[in-house]
Amino acid sequence: MMNKIYVLTCRWQKFESELPVSFMLQLNDRVKAIQRVFLCMFLLAGMGEASAIDVSPYKPGQVLTAEQGMELKERYDKRRVQAWRPAPERSGIDARPDADLVLYGISVLDRTVETIGPNVADVSKRYSGNSLNCSSCHQKGADGLPGTKYYAIPFNNIVNDYPNFRARSMTIGTAVDRVNGCMSRSMGDGKALPENSREMRAILAYFNWLAEGSAKDLAMQGTGLKKMDLPPRAADVFNGKKVYQAKCQYCHGVDGLGTKSPDYATLLSYQFPPLAGDDSYNDGAGMSRILKAAYFIHSNMPFGTAADTPALSADEAFDVAGYIVSLERPHKKGRENDFPDKKFRPVDYPVPEYFNGDAKAVERAKYGPFD
């Protein structure tokens with residue numbers, strides 16, 4: 001609530017600044033205060049969750065039919081797109097009434113292993129199930145903040161992208177659902193963050209701060225991952241291993257097992273994240289799918305690469321992604337229940353149950369080719 005009031009007050013102050021000075025001088029402080037209260041009440045009544053699109057007549061958590069989901073997806077895809085907006089100046093956080101929450105949100109997202117990892121001293125805070133930080137995938141931009149890098153799955157527009165239709169569950173999902181989806185997949189067998197927990201409130205406060213100044217109803221350039229033209233073939237895992245050894249192994253280690261930090265024995269933390277093995281994401285995570293991995297690698301790897309100036313060719317990125325998805329990683333129990341309507345299933349999600357035991361179809365979903 002405090003976050004919303006803060007945002008609304010800023011909007012009102014901007015509105016006031018655009019009125020003629022002669023008019024504003026006629027309003028005493030009491031009248032202006034009453035106006036602000038009524039404006040906040042009016043906007044909050046229709047605000048609910050920060051919303052990118054009008055999801056009416058549906059409600060968060062509601063299960064949709066395929067037709068309803070498709071219609072809502074089209075609504076979402078047809079949004080106008082605003083220009084990329086970097087994070088606000090970090091110095092402005094201190095002036096916010098929720099500054100402590102925003103700063104804690106930064107810590108949780110950037111130092112996940114240290115704050116909510118599987119080996120933190122406070123057992124009640126052990127939410128994450130592996131040794132990754134959220135910023136391992138949601139990379140830091142030039143400002144050093146988690147999830148602020150262009151085309152590295154940034155958080156800059158999260159509050160404008162939710163609620164929306166989530167095909168994995170065929171429901172209307174919120175930003176809370178988005179975070180907790182990562183907790184049980186990208187963060188291994190982690191636990192959902194309670195919506196009223198300090199950690200979840202902090203993450204949402206950070207998302208709200210990042211979106212300051214953005215247009216509430218629009219999509220944003222540079223969010224998600226930048227697609228590339230795929231080679232018209234299956235990934236070459238053997239070549240991918242050679243690319244990995246030449247371009248990736250120095251940081252991510254032999255067999256993708258990462259480079260451990262000096263304090264690994266205490267916190268299970270890594271200097272460079274593992275891409276496979278028990279400390280990495282499971283096979284229900286988006287990054288376990290070859291297309292998402294290839295797009296991420298092409299735009300962001302080796303470390304320091306920018307989406308507009310990729311260091312690897314499309315063929316190299318595709319093959320090294322194939323090698324990485326070939327490596328052993330934890331299994332996500334129940335993933336056969338993902339995407340219950342096959343119309344919405346990603347073409348690169350190799351769940352055997354989807355293909356009725358057709359091993360060739362599973363292999364194709366894992367490595368391509370993709371038409």
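I looked up I297 in this predicted model and, setting aside its neighbours within four places in sequence, I found I297 in contact with L312, A317, V320, A321 and I324.

Next I turned to helix 13 (290-300), which is mostly covered, as 10 of its 11 residues are buried. I listed these buried residues as I290, L291, A293, A294, Y295, F296, I297, H298, S299 and N300, and I noted that they pack against helix 14 and helix 15 (359-367).

I then asked which residues have the most contacts inside the largest nonpolar core. That core has 66 residues, and the ones I was looking for are L193, Y206, F207, W209, I290, I297 and F318. I traced the core to its helices and found that helix 5 (99-110), helix 7 (158-161), helix 8 (175-183), helix 9 (198-210), helix 10 (237-247), helix 13 and helix 14 (314-326) each supply at least two of its residues. I also recorded a second, separate core of 14 residues, which includes V55, M170, Y349 and Y354.

Last, I examined how helix 5 and helix 9 pack, and I noted an angle of about 100 degrees with the axes 7 Å apart. On the helix 5 side I listed D100, L101, V102, Y104, G105, I106, V108 and L109, which meet R198, E199, R201, A202, I203, A205, Y206, F207 and W209 in helix 9. By type, I divided the residues of this contact into 12 nonpolar, one polar and four charged.

Conventions: Residues are numbered from 1 along each chain as its sequence is written. This is a predicted model: local features need pLDDT of at least 70, side-chain atom pairs count only at pLDDT 80 or more; totals for chains, interfaces and linings use all residues. Side-chain values use heavy atoms; hydrogens and water are left out. A nonpolar core is a set of buried Ala, Val, Leu, Ile, Met, Phe, Trp, Tyr and Cys residues joined through side-chain atoms within 4.5 Å. Buried means under 20% relative accessible area, exposed over 50%, partly exposed in between (1.4 Å probe, protein chains only). Helices (H or I, at least four residues) and strands (E, at least two) are DSSP runs, numbered from the N terminus. Contact means heavy atoms within 4.5 Å. Axes are lines fitted to C-alpha atoms, for helices over the stretch in contact, and angles run from 0 to 180 degrees between N-to-C directions. Ala, Val, Leu, Ile, Met, Phe, Trp, Tyr, Cys and Pro count as nonpolar, Asp, Glu, Lys and Arg as charged, and the others, Gly among them, as polar.
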